Amino acid sequence: MAKPPEGVNSKPQIIDYYVNTLERVLGTEKDAQMCIYDASCDTHFGFCCHIDEQASRELACLPEVLLVKPDSDYNSEKKDYTASSIEFANVLNSGIGSLQLFSAGNTKHWLVRMDKPGVGVVTKAQMVDYYTQILTKVMGNEKDAQMCIYHVSWQSRFGFCCELDKECAQELAGVPGVQSVELDRNFESDNKDYGGNSFQNSTNPPETSETSEMTTIKTNKLFITGLSFYTSEKTLRAHFEGFVKIIMDKIPKRSKGYAFVEYTTEEAAAAALKEMNGKIINGWMIVVDVAKSRPRNFSRGRPSPTV
């Protein structure tokens with residue numbers, strides 16, 4: 001954050017300054033207060049908060065906000081609010097708050113066409129993991145790869161869309177299994193061309209007998225994986241409407257990356273499954289499935305692939 005205005009000197013006043021800033025994005029003072037979990041009020045100014053990607057973009061556009069980026073030291077009480085940590089100094093004037101992994105102004109949205117995956121990659125969760133591993137080969141970090149993917153195609157045509165700089169996109173084009181990397185010219189639309197022809201809504205493909213069976217479920221409980229470690233129960237409540245109960249396993253200060261959502265009827269659960277599967281929450285693509293048995297092992301919030 002920029003230095004607080006004149007007259008804002010005490011810690012309570014500075015905290016109020018941060019809350020008022022965040023309130024302009026979230027809408028209510030109470031929500032802003034609940035989201036902030038760390039603050040710096042002496043020499044270097046700033047705060048840490050739990051918000052989704054869209055809110056972070058809006059927050060980054062406020063004139064008093066110098067930078068918004070993921071809290072890489074989430075589990076540490078020591079935060080780096082110094083000016084030297086501001087890697088993207090021109091974010092303030094760029095009007096873009098999503099440039100967290102690359103230099104400001106260098107990222108573009110890319111459509112990546114993929115070869116059909118090998119045997120054993122069948123479900124959507126497995127397909128998303130496969131795409132993430134491909135992108136990790138370029139980015140070097142699985143979490144960064146997950147955050148960059150914003151759209152996938154996983155049934156008759158294979159591919160994904162991601163936000164990268166040009167250099168990474170060129171490297172990605174040379175990775176085995178990647179057919180082509182080109183600019184996503186339909187970024188604002190769910191209609192992506194993964195097969196040379198316009199393919200409507202590949203994240204939620206036209207309903208066939210197969211997809212119809214998938215959404216005709218016999219339970220009112222759903223299992224959600226792929227959650228960001230920073231996704232709170234409150235955030236889930238905002239995205240999954242009509243539920244009666246949410247169960248999230250947690251370790252200190254963060255989730256384990258998965259949750260169970262229970263609805264009053266099977267119809268409501270089926271609608272949520274169809275609507276929310278593949279959506280982006282806190283910058284991560286989630287996978288929604290019918291709740292079966294509670295999985296034993298998890299890796300970065302995703303279930304171990306089953307063959």
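Rings of Phe, Tyr and Trp pair if their centres lie within 6.5 Å; planes under 30 degrees apart count as stacked, over 60 as edge-to-face and the rest as tilted. The exercises below concern a predicted model.

**Exercise 1. Aromatic pairs**

State how many aromatic pairs the structure holds, and classify the pair formed by Y18 and F47.

Solution. 
- The structure holds eight aromatic pairs.
- For Y18 and F47, the centres are 5.2 Å apart and the planes make an angle of 35°.
- Together with Y17, the residues Y18 and F47 make up one aromatic cluster.

**Exercise 2. A second pair**

Classify the pair of Y258 and F260, and decide whether each residue is buried or exposed.

Solution. 
- The ring centres of Y258 and F260 lie 6.5 Å apart, and their planes stand at 90°, so the pair is edge-to-face.
- Buried means under 20% relative accessible area. Y258 has a relative accessibility of 5% and therefore counts as buried.
- F260 has a relative accessible area of 13%, so F260 is buried.

**Exercise 3. The buried face of helix 3**

Determine which residues of helix 3 (residues 53-60) are buried and how they are arranged about the axis of the helix.

Solution. 
- The buried residues of helix 3 are A55, S56, L59 and A60.
- Viewed down the axis of helix 3, these residues fall within an arc of 135°, so they line one face of the helix.
- The general principle is that an α-helix has 3.6 residues a turn, so residues three or four places apart point the same way.
- Helix 1 and strand 2 are among what covers the buried residues of helix 3.
- Where helix 3 starts, a side-chain oxygen of D52 comes to within 3.3 Å of the backbone nitrogen of Q54.

**Exercise 4. The surroundings of T21**

Locate T21, and state which residues T21 is in contact with beyond its neighbours within four places in sequence.

Solution. 
- T21 is located in helix 1.
- The relative accessible area of T21 is 1%, so T21 is buried.
- Beyond those neighbours, T21 is in contact with M1, L59, L62, E64 and V65. One of these residues, L59, is also among the buried residues of helix 3.

**Exercise 5. Confidence in the model**

Identify the elements with the lowest and the highest mean pLDDT, and name stretches where the pLDDT is below 50.

Solution. 
- The protein chain has an average pLDDT of 75, and 77% of the residues score at least 70.
- The pLDDT is below 50 over residues 197-215, a stretch with 43 contacts in the model beyond near neighbours in sequence.
- Residues 293-307 also have a pLDDT below 50; beyond near neighbours in sequence, this stretch has 34 contacts in the model.

Key: Residues numbered from 1 in each chain as written. Predicted model: local features only at pLDDT ≥ 70, side-chain atom pairs only at ≥ 80, totals over all residues. Heavy atoms only, no water. Phe/Tyr/Trp six-rings, centres within 6.5 Å; stacked < 30°, edge-to-face > 60°. Buried < 20%, exposed > 50% of the residue type's maximum accessible area, 1.4 Å probe, protein only. Helix = DSSP H or I, 4+ residues; strand = E, 2+ residues; numbered from the N terminus. Arc of directions from axis to C-beta. Contact = heavy atoms within 4.5 Å. Polar contact = N/O pair within 3.5 Å; in protein donor to acceptor, adjacent residues only side chain to side chain. pLDDT = per-residue confidence, 0-100.
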